[in-house]
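Try each task before you read its solution.

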Amino acid sequence: MVQLLCSSKVYEKLKQELAKYQIEIKEESNLVLVEKGYDLPSGKLSVVFDAMDYMDVIKLLVSGIREDIHYMNTLTGLSDNKFVVIEPRNVLYVEAGSEGIMAYTTSNRYSIKETLQYYENLWLVKGFLRINKSQLVNLLHVKEIIPWFNSRYVLRMDNNVELEVSKMYSKKLRHTLKI
């Protein structure tokens, strides 16, 4: 349950996103999401956000709420007709492709069920970052960051696989890693 203090346009967007996670909007909530420029309510825990980054506050809120649920901290992957329980810290990257969603570790790749967006929301606090439309990378397994042409980057992973950061997601990478 959260209270929203924001413009009507942002309110509608937040309302839709919060509904996906069954988070109610109530005036009496002690947690308030406040758009920059609005007055902070007294006596309540407030999270101030920029209207352009309203999805970041949703990700932060959802990851904090679900952090204590154990099954959210692992994933089950299928490889060679066997299911394997994998911890996120062992995943190098997650990729959406023609075979579906795949999770890559240093030694294997696994078919997984959920969407890339699901893991992006859930694992943001675990160091995962979207680098293009089809890949989500675990920053803890990035060995090198190579500047590429047209404001892009190439990430060399622990297993020497190279992944391209698109121009659209380069800004987020620079901001996250402060480069």
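The exercises below use a predicted model and cover a pocket, aromatic rings and a sheet.

**Exercise 1. The pocket**

Task: State the volume of the largest pocket, then describe its lining.

Solution: 
- Step 1. Start with the volume. The largest pocket has about 830 Å³.
- Step 2. Find the centre. The lining has 25 residues, and M52, D53, D56, K59 and K172 are the closest to the centre.
- Step 3. Sort the lining by residue type. There are 14 nonpolar, 3 polar and 8 charged residues.
- Step 4. At least two residues each come from β3 (45–49), α2 (54–66), α3 (116–123), β9 (128–132) and α4 (167–177).

**Exercise 2. Two aromatic pairs**

Task: Classify the ring pairs Y118 and Y119, and W148 and F149.

Solution: 
- Step 1. Recall what describes a pair. Two values do it: the distance of the centres and the angle of the planes.
- Step 2. Count the pairs. The structure holds 5 aromatic pairs.
- Step 3. Take Y118 and Y119. Their centres are 5.1 Å apart, and their planes make 85 degrees. Planes over 60 degrees apart count as edge-to-face, so Y118 and Y119 form an edge-to-face pair.
- Step 4. Take W148 and F149. Here the values are 6.0 Å and 35 degrees. Stacked needs an angle under 30 degrees and edge-to-face one over 60, so this pair is tilted.
- Step 5. Look for a wider group. Ring pairs join Y118, Y119, W123 and F128 into a cluster.

**Exercise 3. Buried or exposed?**

Task: Decide whether Y118, Y119, W148 and F149 are buried, partly exposed or exposed.

Solution: 
- Step 1. Set the cut-offs. Buried means under 20% relative accessible area, and exposed means over 50%.
- Step 2. Y119 has 5%, so Y119 is buried.
- Step 3. Y118 has 23%, so Y118 is partly exposed.
- Step 4. W148 has 42%, so W148 is partly exposed.
- Step 5. F149 has 54%, so F149 is exposed.

**Exercise 4. A sheet**

Task: Give the strand order of the open sheet that holds β12, and trace its pairing.

Solution: 
- Step 1. Write the order. The 3 strands run β11-β12-β13, with antiparallel pairing.
- Step 2. Pick out the edges. β11 (142–147) and β13 (162–165) each pair on one side only.
- Step 3. From one strand to the next, the twist averages 25 degrees.
- Step 4. Check one pairing. β11 and β12 (153–157) pair in the antiparallel sense over 5 bridges.
- Step 5. Name a bridge. E144 has R156 in β12 as its bridge partner.

Methods. Residues numbered from 1 in each chain as written. Predicted model: local features only at pLDDT ≥ 70, side-chain atom pairs only at ≥ 80, totals over all residues. Heavy atoms only, no water. 1 Å grid on protein atoms, 1.4 Å probe; cavity = no way out; pocket = protein on both sides within 12 Å on 5 of 7 lines; lining within 4 Å. Points joined across faces, edges and corners; volume = space filled by probe spheres on them. Helix = DSSP H or I, 4+ residues; strand = E, 2+ residues; numbered from the N terminus. Nonpolar A, V, L, I, M, F, W, Y, C, P; charged D, E, K, R; others polar. Phe/Tyr/Trp six-rings, centres within 6.5 Å; stacked < 30°, edge-to-face > 60°. Buried < 20%, exposed > 50% of the residue type's maximum accessible area, 1.4 Å probe, protein only. Pairing = 2+ DSSP bridges. Axes fitted to C-alpha atoms, helices over the stretch in contact; angles between N-to-C directions.
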